[in-house]
Amino acid sequence: MSETPGASYASAGVDIEAGDRAVELMKEWVKKTQRPEVAGLGGLGGFAGLFDASALKRFERPLLASATDGVGTKVDIARQMGVYDTIGHDLVAMVMDDIVVCGAEPLFMTDYICVGKVHPERVASIVKGIAEGCVLAGCSLVGGETAEHPGLLGPDDFDVAGAGTGAVEADRLLGPDRIRTGDAVIAMASSGLHSNGYSLVRHVLFDRAHLSLDQHVEELGRTLGEELLEPTKIYSLDCLALTRTTDVHAYSHITGGGLAANLARVIPDGLHATVDRSTWAPGAIFDLVGTLGSVERLELEKTLNMGVGMIAIVPQDGVDSALATLADRGVDSWVAGEITERGEHTTGAALTGDYAK
């Protein structure tokens with residue numbers, strides 16, 4: 001009777017050595033994210049990431065803010081293009097820009113990378129992007145997990161998720177309680193689609209219009225793949241800078257659900273936010289998706305950010321300083337609307353008018 005070799009983790013499709021190699025490759029990038037509160041504490045490869053909580057002593061009453069998110073089907077664009085060092089920016093933006101909405105300073109983040117097969121250089125490239133994003137958000141990447149799932153994912157398939165923590169002084173917590181009638185709604189431009197609505201975008205551009213990622217699109221001024229992989233703008237440090245110069249009442253991160261729905265999340269009962277579409281022109285990618293897919297405007301607006309990635313709500317006497325601060329930081333911003341009393345037939349937020357051309 002012939003002998004059958006014994007089963008092993010490797011024969012089941014999991015390569016531990018490749019995982020160890022990936023960790024070694026990513027260490028240099030993770031080190032670049034270290035804030036003083038994590039320097040010298042354990043390092044990458046431990047069972048838990050460490051953060052020196054004594055740093056919170058500078059707060060009188062610190063509130064911890066936490067968030068978790070992923071990047072969605074945008075990861076498939078990265079996979080098809082073989083470009084892995086930008087998707088991490090999207091992940092950090094999705095997590096840390098949610099945290100900064102309440103006025104919290106981003107402190108640290110962890111990631112989770114799930115792959116069908118560990119390609120060490122590829123995993124390290126993903127982590128490189130996450131680390132670069134953490135630097136842009138002002139937080140430390142203190143740890144993470146790389147999981148190999150053979151049989152569930154194809155050899156080139158992957159997904160990413162992350163969780164983050166921030167802190168804010170209790171009496172500086174931003175949100176609906178601060179918003180008043182007459183406040184201005186300031187919009188900050190997005191860098192493109194960001195990381196939401198890609199299931200609709202992919203359906204329209206690939207399934208219906210049969211475009212290809214390497215196809216140069218005149219309206220975009222570059223290939224379709226380059227446009228779709230444009231990293232999400234990370235607003236964390238811009239928002240923190242704005243709170244230091246302006247009496248910001250609230251922020252709203254414009255992600256899944258679109259501008260009106262996300263803005264409504266921070267509008268208190270009894271008040272209404274009106275946003276005037278004529279104050280900006282959405283980028284060409286939004287018109288392209290709408291035109292090629294015959295997508296109605298309201299459907300586009302509840303799926304995509306339409307060119308606005310973050311909203312700040314400030315008192316009218318703070319508008320000039322807010323716009324100046326954002327301009328100094330290279331953030332394209334403008335007054336897009338105002339806060340009024342809610343009428344009998346109005347909701348938390350609504351868009352009016354037509355987009356500028």
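Author: The protein has 11 helices and 12 strands. Helices (H or I, at least four residues) and strands (E, at least two) are DSSP runs, numbered from the N terminus. This is a predicted model: local features need pLDDT of at least 70, side-chain atom pairs count only at pLDDT 80 or more, and totals for chains, interfaces and linings use all residues. Residues are numbered from 1 along each chain as its sequence is written, and side-chain values use heavy atoms, with hydrogens and water left out.

Reader: What percentage of the 357 residues counts as buried?

Author: Buried means under 20% relative accessible area, exposed over 50%, partly exposed in between (1.4 Å probe, protein chains only). Here 50% of the 357 residues are buried. The accessible surface is about 16,500 Å² (Shrake-Rupley method, 1.4 Å probe). Carbon and sulfur atoms hold 51% of that surface.

Reader: Among contacts between residues at least 6 apart in sequence, what percentage joins residues at least 24 apart?

Author: A contact means heavy atoms within 4.5 Å. The share is 85%.

Reader: How many residues are in the largest nonpolar core?

Author: A nonpolar core is a set of buried Ala, Val, Leu, Ile, Met, Phe, Trp, Tyr and Cys residues joined through side-chain atoms within 4.5 Å. The largest one has 77 residues. F158, L205, L228, L263, I267, I285 and I313 have the most contacts inside it. Helix 3 (residues 87-100) gives the most to this core, 7 residues. Apart from this core lies another, of 19 residues, among them V100, V101, L240 and V319.

Reader: Which residues does I267 touch, leaving aside neighbours within four places in sequence?

Author: I267 is in contact with P176, I179, H272, A273, I313, I339, R342 and G348.

Reader: What covers the buried residues of helix 9?

Author: The buried residues of helix 9 (284-292) are I285, F286, L288, V289 and G290. Their cover includes helix 5, strand 6 (216-217), helix 6 (224-228) and helix 10.

Reader: Now backbone angles. Where does S294 lie?

Author: Most residues other than glycine have a negative phi. S294 has a positive phi of about 50 degrees, although it is not a glycine. S294 lies in the loop between helix 9 and helix 10 (297-301). S294 counts as exposed, at 59% relative accessibility. H194 also has a positive phi, about 60 degrees, and is not a glycine. H194 is found in the loop between strand 5 (184-189) and helix 5 (198-208). H194 is buried, at 1% relative accessible area.

Reader: What volume has the second largest pocket?

Author: About 430 Å³. Of its 16 lining residues, the closest to the centre are G103, R172, L240, T243 and R244. Strand 4 (158-169) and helix 7 (236-245) each give two or more residues to the lining.

Technical notes:
1 Å grid on protein atoms, 1.4 Å probe; cavity = no way out; pocket = protein on both sides within 12 Å on 5 of 7 lines; lining within 4 Å. Points joined across faces, edges and corners; volume = space filled by probe spheres on them.
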